[in-house]
Each structure stands twice: as structure tokens, then as C-alpha cells.
Amino acid sequence: MIQTRGLSKTFGTHTVLHEIDLNIQAGEIVVLLGPSGSGKSTLLRCLNGLEDLSAGSIEVNSIEVTSTMKLKERQQRMLQIRRQTGMVFQQFNLYPHKTALGNVTESLRMVKKLERTHARHVGERMLSRVGLLEKKDQYPSRLSGGQQQRVGIARALAMEPEIILFDEPTSALDPELVGEVLDVMKSLAQEGMTMIVVTHEMKFARQVANKVIFMDEGRIIEQSDPESFFERPATERAQRFLSKVM
Ligand code: ADP
Ligand code: MG
């Protein structure tokens, strides 16, 4: 479903991703760990076509982008990739002047060009998947952080992505609201969604991930199943990281 070969990303003279090779199968749940600044968000942004690559190639659901392609073609393909990958951010980025349902249907109307009634039906179905159908007419300011993030997930789901990328989806939440968001993510995992999740929720990583990828300084340092990673991290860097976060 996702493959990268020698993916590198440079900002000015600063190389933030160094020759990343990744293989992710359909239905896999990958948890991406690493210290702050190790390149996790940049990698997700490259994978969903928000950020151009400096070298190498990525392939998402059979759409390939390589750094040697002409700019125009690369941009076209990045747009195609963006349409197949949902992204959920730490800051929910909901429109404050739209209801929960309005937030979910916005891109159905604007990007998919669905007519109003059809968009509303899809939107309601997505809100019910995240357990929020009864809040559909509420504005974000009337929802808890956990509910707002669940609307964010419903909004991503509405576009029927093949893959959802989560960038620290629970980091902005009060601790008592984290569980409801993780529960929604677990149910998506059970439904077979392909997911890459950057998170500091180690219990979630252990329980739900099929694969853990540990990054440091723009490189993949370890890649293994959760049990091996948490019980027997192979590198000193991963051991040090785990001793700080566990
Ligand atoms: P993480 O998500 O693991 O904390 P990031 O991917 O956000 O790491 O950042 C990795 C590195 O790339 C950091 O050193 C950060 O300062 C740098 N970086 C990220 N985005 C940009 C940008 N748009 N311009 C310049 N440097 C950036
Ligand atoms: Mg980040």
C-alpha cells in the first residue's frame, strides 16, 4: 500500500529525512515513534503529498512520485495521493463557524462535489461511526476536545481514504479524553483500515500496532513487531527513548 525508496527531504541545507525505505501493507497498523524533531511529521507529510520529496521515491496505492519527475507531473500525482490519504492532526483544525456535520461534509461538497442531501447522508454515517451522530448540529466550541477530534476523524473518513495518517492525535487532549479517541482508532484498525500513527500512547502502540518504527535524526533506526520493540529494543537510542517515555 505504501512504499518509499531512498526518500530524503531537505529544508535549505538541513536534511530532515535520510533515505527512508518503508514498506507498509494494506491493513497494517504502524506506530511511528521517535524523539521530538526526528522527522515523524515530515515523513507523514511526504506520504500524504503535502510535502515534496528531495530525493528518492514514494508509492502510495500504486501512485508513484519520484524526485526526478517533472515538477508538474509530481504535483499532479501528489494531489492524487492526497485524495487517497486522510490526515488527522494534533490540533483538530475544525471550522469554528460550521457544525460537526458541516465540518464533515465540507470537502464532500467542495472536493467530491456531492449534492447537499447525499453529502449529509454520508456525513451522518461518518459521525455515527465515531459515536457522535447526536452531536451533528453542535458547533465545535460546544464539543469537548475528544469529541472535536472524533469529528476530525469522521471528516477524514468521509473522503473514503485508503490510508489514514494520524499525527499525535491525542497530544492536545486532557488525559481523561484520550481514551475515547483511541477507542475510535482501535475500531478503525479492527475494520482493516491502513493506518500510520505518531503517538506517545505506548499502551496503544503495544496493543494495536502490527509494526513499530523508531526514528531518530531523520533515519529509521528500528523496525519491528511491538513485542520485540518494547521488550528487547535493539539499539541504545531506542532503549534511551523508551526509558524516558514509559
Ligand atoms: P517530529 O514530528 O519528529 O517532531 P518534524 O518532522 O516536525 O519532527 O521535524 C523534523 C525537523 O525538520 C526539525 O528539525 C524541524 O525543525 C525541521 N522542519 C520541519 N518542517 C520544516 C520546515 N517547513 N522548514 C524547515 N525546517 C523544518
Ligand atoms: Mg511532529
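Helices H5 and H6 (residues 175-190) pack with their axes 8 Å apart, at an angle of about 20°. That angle makes H5 roughly parallel to H6, a label for angles under 35 degrees, while those over 145 count as roughly antiparallel, 65 to 115 as roughly perpendicular and the rest as oblique. Axes here are lines fitted to C-alpha atoms, for helices over the stretch in contact, and angles run from 0 to 180 degrees between N-to-C directions. Helices (H or I, at least four residues) and strands (E, at least two) are DSSP runs, numbered from the N terminus.

This is a predicted model, in which local features need pLDDT of at least 70 and side-chain atom pairs count only at pLDDT 80 or more, whereas totals for chains, interfaces and linings use all residues. Residues are numbered from 1 along each chain as its sequence is written, chains are lettered from A and ligands numbered from 1 in the order in which they are written, and side-chain values use heavy atoms, with hydrogens and water left out.

**Helix packing**

The axes of H4 (residues 116-129) and H5 (residues 145-158) come within 9 Å and cross at roughly 130°. H4 and H5 are therefore oblique to each other. Between H3 (residues 100-110) and H4, the axes also come within 9 Å, and the crossing is at roughly 125°. That makes H3 oblique to H4.

The crossing of H4 and H5 is right-handed, meaning that the near helix is turned clockwise from the far one by less than a right angle, with anticlockwise giving a left-handed crossing. H5 passes H6 in a right-handed crossing, and H3 passes H4 in a right-handed crossing.

**The ligand site**

The shell around ligand 1 (residues with a heavy atom within 4 Å of it) includes Phe11, His14, Val16 and Pro35, and also Lys40, Ser41 and Thr42. Strand S2 (14-24) and helix H1 (40-47) each supply at least two of the shell residues, and H1 gives the most, with three. By type, the shell has three nonpolar, seven polar and one charged residue. Ala, Val, Leu, Ile, Met, Phe, Trp, Tyr, Cys and Pro count as nonpolar, Asp, Glu, Lys and Arg as charged, and the others, Gly among them, as polar.

| Residue | Polar atom in the residue | Distance to an oxygen atom of ligand 1 |
|---|---|---|
| Gly37 | backbone | 2.7 Å |
| Ser41 | side chain | 2.9 Å |
| Gly39 | backbone | 3.0 Å |

The protein covers 59% of the 560 Å² of accessible area that ligand 1 has on its own, by the Shrake-Rupley method with a 1.4 Å probe.

How values were computed:
Polar contact = N/O pair within 3.5 Å; in protein donor to acceptor, adjacent residues only side chain to side chain.
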